[in-house]
Amino acid sequence: MKTSIATVSISGGFREKLDAIAAAGFDGIEIFELDFLAFEGSPRDVGNMVRDHGLEITLFQPFRDFEGLPEPLRSRAFARAERKFELMNELGTDLILVCSSVHPEAMGGIDRMAADFRDLGELAARYGVRVGFEALAWGRHVNDHRDAWEVVRRADHPNVGLILDSFHSLARKVDSESIRRIPGDKIFFVQLADAPAIEMDLLYWSRHFRNMPGEGDLDVTGFMRAVTATGYGGPLSLEIFNDQFRAGLPRLVAKDGHRSLINLMDRVRRAEPALSVDLPGFPGPSGVDNVEFIEFATSREEAPSLETMLEATGFVRAGRHVSKSVVLWRQGGVNVLVNTETSGFAHAAYVTHGTTVSEIGLTVPDAGASFARARALGAERYEQPIPQGELAIPSIRGVGGSMLRFLDRGPELGGIWDVDFRVSDKEPRGAGLVRIDHLGQTMAYDEMLSWALFYTSIFEARKAPVVDVVDPDGLVRSQAVETGALHVTLNGSAGRRTLAGRFIEESFGSAVQHIAFTTDDIFATAATLAEKGFPVLQIGANYYADVEARFGLDPNLTARLRAANIMYDEDAGGRFFHLYSASRPDGMFFEIVERQGNYAGYGAPNAPFRIAAQKRAARPASIPRI
């Protein structure tokens, strides 16, 4: 499988873009004309520099407003095309993209346009180049790939073919199955982009909101299934217009792009096994059976404060690591590790972020398979020396530089608590917490798409719609990703003054800002927590008056909620009760939840009131943390 990306898709100067694209593993680039014109070197210099990076120029684009023009505009268009063909010879590329005309004087008529392309094909042949015709979703006369194909078919020239773009076809809701009727050898090039489902002007949507396949809501997998069925074997190229990516780090965006293409074609071959996909074999995605443990990295000086909070939440000390300064705290089915090592990964995480969640242990059906899939999709592995007799757990880097460790129930990795720890026989009930409900991972807003793709490509995961959360000092966007027992809410903030923004800034990019635990009886848990001195977050009385009116609650239930500072939400599936701890000085906090019925959310309508309460309880932003 030959992968490519348009230079317009990422930020930076031309050299910086090439460095990022090559490092990500792409085979080629589409040179967007503006990038070429802004570069100081000659066309031959540009071509040589691209090839020096181990890349090829898969496409030169775009050539606009060509077909269906009256004279003298038609002659001028051919003169422009000839100059581009000469330029392509110097660059060392043989394919140019001609997008359907939006010129106000362009005339319709399939035969007229086909004749123009037949003549253009003759001119292209003299220069040894090919012409690809693409239907822009907002084209004046051609805005559907079926019409573009009819023009190409009638032109009937070996140097003229079709260019397909998933955005242009899917944005206009053109049936992807129609692609299967196109001969694969007449498809010269395929461009791919996804996008969120937003009703807006097509041109504006295209120019600002495209994203990588798998990051949006379009059926790019269905589109590529149809393309693959034609026998097309040319490049798969990303053409992404996105304000966020243009401001992002080139290497990160390029890495995401390459991951998205590998994941896309893996999904294609699994959805339709009869198709031939040129991609190395690797395991398919699976869900997560259990969040086996959460590990905090901290120091010996700060550990007592963290352990006091764990005790107040009902956890008890249940064991120690056989060789490291790591203590196991346990309650119900929840395992929390507190690592105070003075060297190694955990210590580096503490030095960087302060007390932080440095590792998450996930039990999956097959740890080796999940690790192999993650590596095939570009995840960064983590390795460290393992003392004899301890488990070698496959590990990759996750959000905020943290570590994901893969465990399973097999004979090698299923015995972590027997092999790596000395554990007491106690199975403490504590305050009634039974499992981890979800993890709240906080990040800069422009990282949200990247980490959503990370989870949904490695695991068999589902994304919930993005929710806007109102903070008194800005807007935070939140999206849940669910894969079996692992539920993660990705919370992205562009503002420094939001609660999320302050956490990112003060922890130097730490990821997990809050951990939500599940109980089967939140009122009983709340009573036990009060006895243990749990630092519950105080919620204002006005909130409860509104909740009672909004949901028609029994006043007795409202009184119980208010007395315990429990918040409430409901949806068509069921009810949701949750309470919060006050935030620690490092900004991290706990949440206790009870789900009744099939409630599917995370209490998002309550987030503004929770944030307001946390800000009332917090130290003023002007007071530094010592």
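**Close-up views of a predicted model**

**View 1. Lysine 173, an exposed residue with a positive phi.** Lysine 173 has a relative accessible area of 67% and counts as exposed, because this value is over 50%. The model shown here and in the other views is predicted. Lysine 173 sits in the loop that runs between helix H7 (166–171) and strand E7 (187–192). Its phi is positive, about 60°, although lysine 173 is not a glycine. Most residues other than glycine have a negative phi.

**View 2. Asparagine 565, a buried residue with a positive phi.** Asparagine 565 is not a glycine either, yet its phi is positive, at about 60°. The residue belongs to the loop between helix H20 (555–564) and strand E23 (567–571). Is asparagine 565 buried or exposed? Its relative accessible area is 8%, which is under 20%, so asparagine 565 is buried.

**View 3. The cis peptide bond between glutamine 61 and proline 62.** Omega for this bond is about -5°. Proline 62 is part of strand E3, which covers residues 56–63. Most peptide bonds are trans.

**View 4. The cis peptide bond from glutamate 71 to proline 72.** Here omega is near 5°. Where is proline 72 found? Proline 72 lies in the loop between E3 and helix H4 (73–91).

**View 5. Glutamate 150 and its polar contact with arginine 154.** Glutamate 150 is a residue of helix H6, which spans residues 145–155. The side chains of glutamate 150 and arginine 154 are joined by a polar contact of 2.6 Å. Why does glutamate 150 count as buried? Its relative accessibility is 18%, and the residue counts as buried because this is under 20%.

**View 6. The packing of helix H1 against helix H3.** Helix H1 is made up of residues 14–24 and helix H3 of residues 43–52. Their axes are 10 Å apart and form an angle of about 25°. This angle is under 35 degrees, so H1 is roughly parallel to H3. The crossing of the two helices, H1 and H3, is right-handed. Which residues make the contact? On H1 they are Phe14, Arg15 and Leu18, and on H3 they are Val46, Met49 and Val50. Sorted by class, the contact of H1 with H3 has five nonpolar residues and one charged residue, with no polar ones.

Technical notes:
Residues numbered from 1 in each chain as written. Predicted model: local features only at pLDDT ≥ 70, side-chain atom pairs only at ≥ 80, totals over all residues. Heavy atoms only, no water. Helix = DSSP H or I, 4+ residues; strand = E, 2+ residues; numbered from the N terminus. Buried < 20%, exposed > 50% of the residue type's maximum accessible area, 1.4 Å probe, protein only. Polar contact = N/O pair within 3.5 Å; in protein donor to acceptor, adjacent residues only side chain to side chain. Axes fitted to C-alpha atoms, helices over the stretch in contact; angles between N-to-C directions. Parallel < 35°, antiparallel > 145°, perpendicular 65-115°, else oblique. Left-handed = near helix turned anticlockwise from the far one by under 90°. Contact = heavy atoms within 4.5 Å. Nonpolar A, V, L, I, M, F, W, Y, C, P; charged D, E, K, R; others polar.
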